[in-house]
Amino acid sequence: MKDYQTQIQRIKEKLLQAKVLDKDFEVFGADAHEYNRNPPIDMKTVENFEQKHKVSLPIEYKLFVTQIGNGGISSSNSGAGPHYGIFPFGEEFQILFSDWDAHQLASPHLFYPKMSDEFWNDKIKKLNENLDVEEVADDEYEKREAEIFGGIFIIGTQGCTYYHGLVVNGEYAGRIINIDLGHQKPKFSYERNFLDWYEQWLDDIIEGNLTQENPADFGYQMGGKEEDLLQLFLNATDEETKEEVLYGLLYKKSISDETLLYLHHHYENEHQNIQVLILKLLVIHHHPSAHELLKEMYDKNLLDALQITHWYIKENHQPWVDLTRKYIPTIQDKNTFDFATYILAKDEFEDFNVLKPFIHHPESSFRKTVLYTFSKAANKVEYENEFLFGLEANEPKELIQALQAIKGFKTKLILKKSQELVLKYPYKEVAPDENGMRYYNSDTDILVYITSNLVRVLNEY
């Protein structure tokens, strides 16, 4: 049998250590709970709840509330824990606040760790099937939603519509699951039970992993010691496990040179998606091989290369700007084009001329991105013809982008074109109702956006 008492003592000690290390409460949610927790409750209270709701709660959670703490000072009186903390026992346990809340807790649990998008989408689709009778629609919908989230005991909130849930029945009883009332697909945390999950949260704080780079991601990737993760990667025979391990390593604040060397050694023999994750780790942690491998990635997969460059190259941008400029004329995909312009915008010389041909691209989205990038230039004279072309756009959002892009740039031709736009888009006052409120439709909204930006441009003259 597992030695729970040793783990409980470790958790108590790590709670004190975490509070000392995070004295300024920089970890997400820590400023709310401040690592405080109220005294534990007695086991009889838990047993009474179980009898009342005909449920058997996982032992690890019961030991937490009866030996470590129950609630605190955070949202809904939550105590120290991931995100906004752990709810007081039995007060916020149901995900639904309707006549079916008890039904939700007792219903069989449906989810499993590697469930497909198709499985989840099918469940959500059935929420609204055959709900034509208005007087029963709401009630039936709530019943179905209770069944979908069956067997989940809510233990805390992550903010907005996101919650931590504890599975209380079925094959995965005891596991933590991340759920969204907005109906995004749930995701299981990797830890096997509540105490392991809670201790991993403390370990991540102590290691410094829960920084501003990972503000609220705890519970969504594989945790554990670096050496254990590396061994799991080396032993893995499937790509999915390797990816999960690498995402777990990406979450860590620091990685040893030995681990980076191992990953570099395996780089060439891995599939592209694994190579991309390894390359991210090498770039983030400044491995000597990183830049050469990244340059090679520009030829293998331009989008991945551009994303890594944009997200992880934090200084000395100019060589990457120059490299990116060479590839821009060949780009056809909008997402790739966007990331190329993000990098180009870091050009210390503000040379965006390579984008000029794209002002005539058949897709408006490309043209808007070009105008936005030109707006970054301190000296916009080189791009006057492109701005004038943008001011002739018939697509409203493209015209608005052009008007915003020419802020501070005044020429006679720009003034003349702007004056012509006054005649093309005359401002119309929307009459207020009896309460003084003005209501716009889709046409008047666009007109307001165009004319307000046009007024700002003309005011500069």
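Q: Which way does α12 pass α13, left-handed or right-handed?
A: α12 passes α13 in a left-handed crossing. Keep in mind that this is a predicted model.

Q: OK, and what's the packing angle of helix α12 and α13?
A: About 145°, with the axes of α12 and α13 10 Å apart. Helix α12 covers residues 272-284, and helix α13 covers residues 290-300.

Q: Which residues in α12 and α13 meet?
A: From α12 you've got Gln272, Gln275, Val276, Leu279, Leu282 and Val283. They meet Ala290, Leu293, Leu294, Met297 and Lys300 in α13.

Q: I'm looking at His291 now. Where does it lie?
A: His291 lies in helix α13.

Q: What is His291 in contact with, leaving aside its neighbours within four places in sequence?
A: Ile313 and Trp320.

Q: And how exposed is His291, given its relative accessible area?
A: His291 is partly exposed, because its relative accessible area is 43% and that class sits between the 20% and 50% cut-offs.

Q: What separates the C-alpha atoms of His291 and Leu279?
A: 9.1 Å, and the two residues are 12 apart along the chain. Leu279 is also one of the α12 residues in the packing with α13.

Q: Switching to another pair. How do helix α14 and helix α16 pack?
A: At an angle of about 35°, with their axes 9 Å apart. Helix α14 is residues 302-312 and helix α16 is residues 334-344.

Q: Left-handed or right-handed, when α14 passes α16?
A: That crossing is left-handed.

Q: New topic: what's up with phi of Glu34?
A: Phi of Glu34 is near 55°, which is a positive value in a residue other than glycine. Tyr35 has a positive phi too, near 65°.

Q: Where do Glu34 and Tyr35 lie?
A: Glu34 is in the loop between α2 (30-33) and α3 (43-53), and Tyr35 lies in the loop between α2 and α3 as well.

Q: Is Tyr35 buried or exposed?
A: Buried. Tyr35 has a relative accessible area of 4%, and buried means under 20%.

Q: What about Glu34, what's its relative accessible area?
A: 30%, so Glu34 counts as partly exposed.

Q: Let me jump to Asp117. Which helix is that in?
A: Asp117 lies in helix α6, residues 117-127. At 43% relative accessibility, Asp117 counts as partly exposed.

Q: Zooming out, what does the secondary structure come to?
A: 21 helices and 4 strands. The C-alpha trace spans about 80 × 70 × 45 Å along its principal axes.

Q: How many residues in the chain, and what share are buried?
A: The chain has 461 residues, and 49% of them are buried. It exposes about 23600 Å², with carbon and sulfur atoms supplying 50% of that.

Q: What share of the contacts with a separation of 6 or more comes from residues 24 or more positions apart?
A: Those pairs account for 63%.

Q: Last one: how many positive and negative side chains are there?
A: 48 positive and 76 negative, and the centres of the two sets lie 3 Å apart.

Technical notes. Residues numbered from 1 in each chain as written. Heavy atoms only, no water. Helix = DSSP H or I, 4+ residues; strand = E, 2+ residues; numbered from the N terminus. Buried < 20%, exposed > 50% of the residue type's maximum accessible area, 1.4 Å probe, protein only. Contact = heavy atoms within 4.5 Å. Areas by Shrake-Rupley, 256 points an atom, 1.4 Å probe, with all protein chains shown as cover. Lys, Arg positive; Asp, Glu negative; His and termini not counted. Charge placed at Lys NZ, Arg CZ, Asp CG, Glu CD. Axes fitted to C-alpha atoms, helices over the stretch in contact; angles between N-to-C directions. Left-handed = near helix turned anticlockwise from the far one by under 90°.
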